[in-house]
Amino acid sequence: MSMTFRGPYANPNNPAVGPITTMLLPNPELDNTEGQDLSLQLRRAIDGTRSTYVKSSDRKSLSFTWNDLGRGKLVEVQEFFKLYAGDHVLLTDFRDDIWDVIFNENPISIQVTGRSANFGGPRAESGSLTLELLGVKIA
Amino acid sequence: MSEKLHGYSPWGVFTPVTMSTRADVTFVCGADSITLRLPDFGNAEEVDVDRVINVSRGGTPNIFRDPQWTKSTEITVGFSVLTRAKALELLDFLKNCLGLLVTYTDPDDRIWEGIVTNPESAVIDGGGITDCKYGATITLGAANPV
């Protein structure tokens, strides 16, 4: 199980073209979040009648954190973000759900936190990263 | 743990990144330069990419980016166990390079050019019985790899 990011993802609203680039990440830490992109306005008339004005969509905001990525993988995430911060990306998450997402957070930040047995980079160092995404589940 | 998941393993059009190891880091600005020991853990890099997101009336985010628009990195490195002489050398360096382009060679032997954005940052006397008791933090903003 892993997370696969592929960019750019062409959809009817974003006819991006270009070579497909793939980035694999391990499963994220627990406490990943999945929120809905909904809004509500509540109004009350003078006689107490309640009216609601809503905006609903299938979009969800996703947040994933990794704490033990190797230094090389952190650099790879940075390079992927530089390439596709302005595009849609196809995400296959650890449940094998497929999402059409954009990076919701800009800038992204990494922190090198300690020594590690992880692979990547000339030094055995690892760090942490959080990605905030906004997207629609397509499969 | 597999290297594909945790290590540098790009597939596609990634810009190649070459890394090796160094025993120190250097900051160079014109004729001025300073060499410091490797930074403490907790060093951070923040990648910022210029783009536009317009949200339509229906709430759909439309994202656009021109490839010519800027991408930059903010690098924050902290140092400890510096001698007083080295701490004063660092303060002189920050004064001399105020607002100028600084070339930074990082612990992975990657070379960056950017501007020191915290020149007012103080060196901190952490106390102790040895002379190596000073700490400092340097932030290199608007940095791009050379």
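## Salt bridges between the chains

Across the interface of chain B and chain A, the rule finds 2 salt bridges, a salt bridge being a side-chain nitrogen of Lys or Arg within 4 Å of a carboxyl oxygen of Asp or Glu. The structure is a predicted model, in which local features need pLDDT of at least 70, side-chain atom pairs count only at pLDDT 80 or more, and totals for chains, interfaces and linings use all residues. Residues are numbered from 1 along each chain as its sequence is written, chains are lettered from A in the order in which they are written, and side-chain values use heavy atoms, with hydrogens and water left out.

In one salt bridge, the side chains of Glu45(B) and Arg71(A) meet at 2.6 Å, N to O. A network of salt bridges links Arg71(A) and Glu45(B) with Asp108(B).

## Extent of the interface

Contact (heavy atoms within 4.5 Å) involves 45 residues of chain B and 53 residues of chain A. The area buried between the two chains is about 4,200 Å², and carbon and sulfur atoms give 58% of this area; buried area is the accessible area (1.4 Å probe) that two parts lose on being put together, summed over both.

## Strand pairing

Strand β9 (residues 108-115) of chain A pairs with β3(B) in the antiparallel sense over 4 bridges; two strands pair if DSSP finds at least two bridges between them. Within this pairing, Gln111(A) stands opposite Ala44(B) of β3(B).

## Salt bridges within the chains

Over all chains, the count comes to 11 salt bridges. In chain A, Lys82(A) forms a salt bridge with Glu79(A), with the closest N and O atoms 3.4 Å apart. Because they are 3 residues apart in helix α1 of chain A, Lys82(A) and Glu79(A) are separated by about one helical turn. Both Lys82(A) and Glu79(A) are buried.

In chain B, the side chains of Glu89(B) and Lys86(B) meet in a salt bridge at 3.5 Å, N to O. Both residues lie in helix α2 (residues 84-96) of chain B, 3 residues apart, about one turn of the helix. Glu89(B) counts as partly exposed because its relative accessibility is 33%, and Lys86(B) is partly exposed with a relative accessible area of 23%.

Terms used. Helix = DSSP H or I, 4+ residues; strand = E, 2+ residues; numbered from the N terminus. Buried < 20%, exposed > 50% of the residue type's maximum accessible area, 1.4 Å probe, protein only.
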